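Here is a short report on the fold, built for reading beside the model.

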Amino acid sequence: MTSAVRIAAHAKINLFLRILARDGSGYHQIETAFALVDLADDLEVRRIDSGVTLEVEGPDLGPVADNLAVRAARAVLEATGNKFGVALQLRKRIPVRAGLGGGSSDAAAALHAVNALAARLGAAVAFCASGAPLALAWGRGERLFRLPAPPASPALIAVPPIAVATPDAYRWWDDANPEPGARGPVSLDAEALATWGSIGRLGGNDFESLVFAKHPDLRALYERLAGTGPVWVRLCGSGSAVAAVYKKESEREDAAVRLGERQQQLIRTATRADVAPAPQPLED
């Protein structure tokens with residue numbers, strides 16, 4: 001039986017994001033479209049006798065017990081009867097608190113990797129951690145409808161020296177909408193997500209006006225990135241990263257030169273058209 005696997009935990013971007021309602025439990029109902037990019041953390045998972053350990057190469061992620069990958073691994077181990085434990089080694093490449101889904105992606109990767117070691121868990125876990133390149137999502141993001149992704153394209157992610165906590169962004173929305181009116185999901189033809197040109201004509205991100213009002217420098221970064229001629233540009237989730245997609249690599253490189261890296265980190269990557277690879281066995 002395989003005792004160790006490696007899996008890539010890909011970052012995501014939101015093609016659009018609408019906040020539909022605030023439910024009674026304090027969570028928010030959203031409608032969005034997730035898309036994967038090549039930028040990814042690297043997670044290695046090895047079987048040990050018991051428990052869950054975490055070693056991180058990269059920025060401080062806070063208490064181990066609160067880490068989403070650790071919590072996900074523990075959930076799988078508990079579901080399989082705690083027959084063994086796992087040692088997680090995480091190499092962080094996705095910026096934290098940037099709206100790129102790094103923590104969620106690490107958790108999904110841990111679910112998938114530990115499930116591969118356990119060789120038993122419900123099909124829903126494998127589906128949620130399957131790495132679909134494009135999906136519409138509703139509810140709290142857990143209701144997914146997978147769609148064919150547009151062709152892989154060059155992308156540029158600009159990460160400013162500003163961190164935006166998602167709970168803060170939702171609180172700003174609550175403050176701006178003390179009595180929100182009813183909003184239903186938009187009706188989308190499949191063709192609306194077939195090309196980056198059509199995606200670029202979709203609605204925006206409800207967090208943008210709120211986050212930009214709190215962080216004018218982030219609005220300025222968005223406007224500078226939009227001015228480089230991408231086919232699509234949006235705030236990533238609740239921020240603080242901003243992503244853009246281009247027709248050609250040369251256009252992305254021109255944009256990177258125009259922006260420079262004195263005021264923000266630039267990450268050159270690409271959108272994905274294929275499902276992310278499954279966990280790969282490692283040599284013992």
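In this predicted model, helices α1 and α2 count as roughly parallel to each other, because their crossing angle of roughly 30 degrees falls under the 35 degrees cut-off. Helix α1 covers residues 68-79 and helix α2 covers residues 102-118. Their axes come within 7 Å. The crossing of α1 and α2 is right-handed.

Which residues make the contact between α1 and α2? Helix α1 supplies Leu68, Ala69, Ala72, Ala73, Val76 and Leu77. Helix α2 supplies Gly103, Ser104, Asp106, Ala107, Ala110, Leu111, Val114 and Asn115. By class, the α1 and α2 contact has 10 nonpolar, three polar and one charged residues.

**An open sheet**

Four strands form an open sheet in the order β8-β9-β7-β10. The pairing in this sheet is antiparallel. Strands β8 (232-235) and β10 (265-270) stand at the edges. Each has a single partner strand, so one side of each is left without a neighbour in the sheet. On average, neighbouring strands here are turned by 20 degrees against each other, direction ignored.

Look next at β7 and β10. Strand β7 spans residues 154-159 and pairs with β10 in the antiparallel sense over six bridges. Leucine 156 has arginine 268 of β10 as its bridge partner. Helix α8 (residues 249-259) lies across β7 and β10. Helix α8 runs at about 20 degrees to β7.

**Strand pairings**

Strands of a sheet pair through backbone hydrogen bonds, either parallel or antiparallel.

| Pair | Sense | Bridges |
|---|---|---|
| β7 with β10 | antiparallel | six bridges |
| β2 with β4 | antiparallel | seven bridges |
| β3 with β4 | parallel | six bridges |

Strand β4 covers residues 85-91, and its partner β2 covers residues 28-48. Leucine 43 stands opposite leucine 90 in β4. Strand β4 also pairs with β3, residues 52-57. There, threonine 53 stands opposite alanine 87 in β4.

**The whole protein**

How many helices and strands does the protein have? There are eight helices and 11 strands. Along its principal axes, the C-alpha trace spans about 55 × 45 × 35 Å. A compact globule of 284 residues would have a radius of gyration near 19 Å. The protein has 19 Å, which agrees.

Note on methods
Residues numbered from 1 in each chain as written. Predicted model: local features only at pLDDT ≥ 70, side-chain atom pairs only at ≥ 80, totals over all residues. Heavy atoms only, no water. Pairing = 2+ DSSP bridges. Helix = DSSP H or I, 4+ residues; strand = E, 2+ residues; numbered from the N terminus. Axes fitted to C-alpha atoms, helices over the stretch in contact; angles between N-to-C directions. Contact = heavy atoms within 4.5 Å. Parallel < 35°, antiparallel > 145°, perpendicular 65-115°, else oblique. Left-handed = near helix turned anticlockwise from the far one by under 90°. Nonpolar A, V, L, I, M, F, W, Y, C, P; charged D, E, K, R; others polar. Rg over C-alpha atoms; globule rule 2.2 N^0.38 Å.
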